[in-house]
4 protein chains.
Amino acid sequence: GFSNNGKMSDRVFANYNIYKGKVALSASPRLPQFSKLDSGGLKVDRQGTIMLQFSPAIGERKYDWEKKQLFALSPTEVGSLISLGPDDTCEFFHDPSMKSSNAGQVRKTLQVKPYADGTGYFISLSVVNNILKISERFTIPVTRAEFAVMRTAFSFVLPHILGWDQYTNQSAKNIKEDAPMVDPGVTNSEWDR
Amino acid sequence: GFSNNGKMSDRVFANYNIYKGKVALSASPRLPQFSKLDSGGLKVDRQGTIMLQFSPAIGERKYDWEKKQLFALSPTEVGSLISLGPDDTCEFFHDPSMKSSNAGQVRKTLQVKPYADGTGYFISLSVVNNILKISERFTIPVTRAEFAVMRTAFSFVLPHILGWDQYTNQSAKNIKEDAPMVDPGVTNSEWDR
Amino acid sequence: GFSNNGKMSDRVFANYNIYKGKVALSASPRLPQFSKLDSGGLKVDRQGTIMLQFSPAIGERKYDWEKKQLFALSPTEVGSLISLGPDDTCEFFHDPSMKSSNAGQVRKTLQVKPYADGTGYFISLSVVNNILKISERFTIPVTRAEFAVMRTAFSFVLPHILGWDQYTNQSAKNIKEDAPMVDPGVTNSEWDR
Amino acid sequence: GFSNNGKMSDRVFANYNIYKGKVALSASPRLPQFSKLDSGGLKVDRQGTIMLQFSPAIGERKYDWEKKQLFALSPTEVGSLISLGPDDTCEFFHDPSMKSSNAGQVRKTLQVKPYADGTGYFISLSVVNNILKISERFTIPVTRAEFAVMRTAFSFVLPHILGWDQYTNQSAKNIKEDAPMVDPGVTNSEWDR
């Protein structure tokens, strides 16, 4: 199983939510998973994602979370979103069953299209599930201000879902104690091969 | 009541202050509040804000803090400010009594308008309070340099007021101890529903 | 005197250095100072700065640090630098003796001017000291790549010199323990006055 | 030798990988090294880098890591990459044997060139090694989305490879305990010389 040395990492619920007439969109990061190496080091075992969650409205400002559909943005898909120009479009395709016997049975498509006047984007998720005979489509209008929150929060979290926040020297770990005995060029050098 | 395990979070006074002839503008973040779930997890109970505080001048570089008026920017309003182009305008309306019996009695309007030459913005707060029979308006000119400080500091703090800084792996919490026993696909997968 | 609970904050030497033919420019942050309030809270007593240090060359890649001149950028001056467009100019004036009996005797001017072809900036510091009868001028060419390092590092450090990194919930300090007894609207509300 | 007080800093393996038909490109930071000063302070002894690693494909999505070639980006080279416009080109030259008796025998060139349609960059590493009689060239196409991930992650990590994350007041280190006895102007002042 998993050991959670830290107290809360996968039990935090802090979403950025956008509530509109027909759909609610909710975004939150999923951190990468690490494995311990025999050497004692840490290796990213699975990269993190930013999870988008679409839920249909069932009344005024009420949404049916039971009917939600998910789309997990990879780091490169996050890069695509945060670099999107005001008139740009992007589209991602996922098959959650890829590499299993159900490959090709489910197809998820996320599409981001600019408003005609450039003041925001329509974000759509369509899910075609041939096993459950489901075909759903969620579309939510996202204003420039809301997209700026997503861009800023996604940019903040991107290094974390890559695991790069592990590379920080908050306690100045790399301290050379007795310089004369060491060739500091060895470890980092471009000669490593 | 509240328990503050940490030592200082809501007792820090670190504002970004802009002092001008008629008005002083002061900005500082208010962190979100979390509730503990029965499961032991943490949930954002109320999102954070960035509080803007306007105080009138009562002499040369002296301001009457007793007469200050407040405006608490939501995450999306912060997104609007940090994505404002040099010629853009934005305007936000708040009713601090919304959902109470005094709804509609107080109306606060924050307006950001570019200088004619594009080298800064006028930021205005108007407060109409029908209960106290008050109608006030503060306007402060903010240079491009000052606005850049606000944009940078607001962008830094935005993930924190969303609570997303809880999603960080500073101590590499997500360590898989015994991989063979685990299907790491379960927790994060888009199949969750 | 000062107490340094932390181990190293004001003993870290991590400059970003630009070495050119006639001048070396070195930049590093100076953190703000806090006072403890009677209430136990913390208040920024003096804002941080980014210190620029100019030293004249005295041989090939050798610089005379004894002859260095300093210029401490305020948060708003940092805002001006990080928002500088490729064709923009900016200029700051300091009188380090301001408010003392020597006011007006020393005048420091920092000037940033774009290259003719827009691929970088000339940064100049001139110091006129009527007390020591010194008049010095340092000018260093800074490429777009070097300026990008300054912009990125200065943007990173700006919230820290404002003291805003104190507003972080790394250990989720704001936990509401017994929600029913509390009106969470009180603390943060725009009604505070 | 080295002492690693921290647990994992140089044993973390969290790369951003781009896999393409002929080449895989992998990027990860290398933190700076510090020396302890007699005064107890910390000084950056060697700046950090971002290491780029190019490996040739030897089958479908299989790469020969044994044949990898490295290129360590300096902070200023990182600044060049993160400020690259969509039509810009940049080129860096390294001689890993510089200042040794083998100087000039090995020449590494990293080149970044925009796609004709501006939607990405070709990143090439060429290595000419006169000692080993090797001449190799790796070229990988990098989409705008992938480059946005690099730009965001590199911008995040740049202050860390400069060592500037040591300048943070997470525990409010600079607390003035007895203000009346102290002239806070001394330490930070531009008078230091």
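**View 1. D:Ser124 sits in strand β12 (residues 120–129) of chain D.** In this predicted model, D:Ser124 is buried, at 5% relative accessibility. Its side chain makes two polar contacts to look for here: one of 3.0 Å with the side chain of D:Thr139, and one of 3.5 Å with the side chain of D:Arg137. Beyond its neighbours within four places in sequence, D:Ser124 is in contact with residues including D:Thr109, D:Leu110, D:Gln111 and D:Phe138. D:Val157, 33 residues away in sequence, lies 22 Å from D:Ser124, C-alpha to C-alpha.

**View 2. A:Thr109 belongs to strand β11 (residues 106–114) of chain A.** With a relative accessible area of 13%, A:Thr109 counts as buried because that value is under 20%. Setting aside neighbours within four places in sequence, you will find A:Thr109 in contact with A:Phe71, A:Glu91, A:Phe92, A:Phe93, A:Ser124, A:Leu125 and A:Ser126.

View 3. A:Trp164 is buried at 0% relative accessibility, and D:Phe154 is buried at 2%.

**View 4. B:Tyr121 and B:Phe147 form a tilted aromatic pair, 4.4 Å centre to centre and 45 degrees between the planes.** Here the link joins distant parts of the chain, with B:Tyr121 in strand β12 (residues 120–129) and B:Phe147 in helix α2 (residues 144–161), 26 residues apart. Both B:Tyr121 and B:Phe147 are buried.

**View 5. A:Tyr19, A:Tyr63 and A:Trp65 form a cluster linked by ring pairs.**

Technical notes:
Residues numbered from 1 in each chain as written. Chains lettered and ligands numbered in written order. Predicted model: local features only at pLDDT ≥ 70, side-chain atom pairs only at ≥ 80, totals over all residues. Heavy atoms only, no water. Helix = DSSP H or I, 4+ residues; strand = E, 2+ residues; numbered from the N terminus. Buried < 20%, exposed > 50% of the residue type's maximum accessible area, 1.4 Å probe, protein only. Contact = heavy atoms within 4.5 Å. Polar contact = N/O pair within 3.5 Å; in protein donor to acceptor, adjacent residues only side chain to side chain. Phe/Tyr/Trp six-rings, centres within 6.5 Å; stacked < 30°, edge-to-face > 60°.
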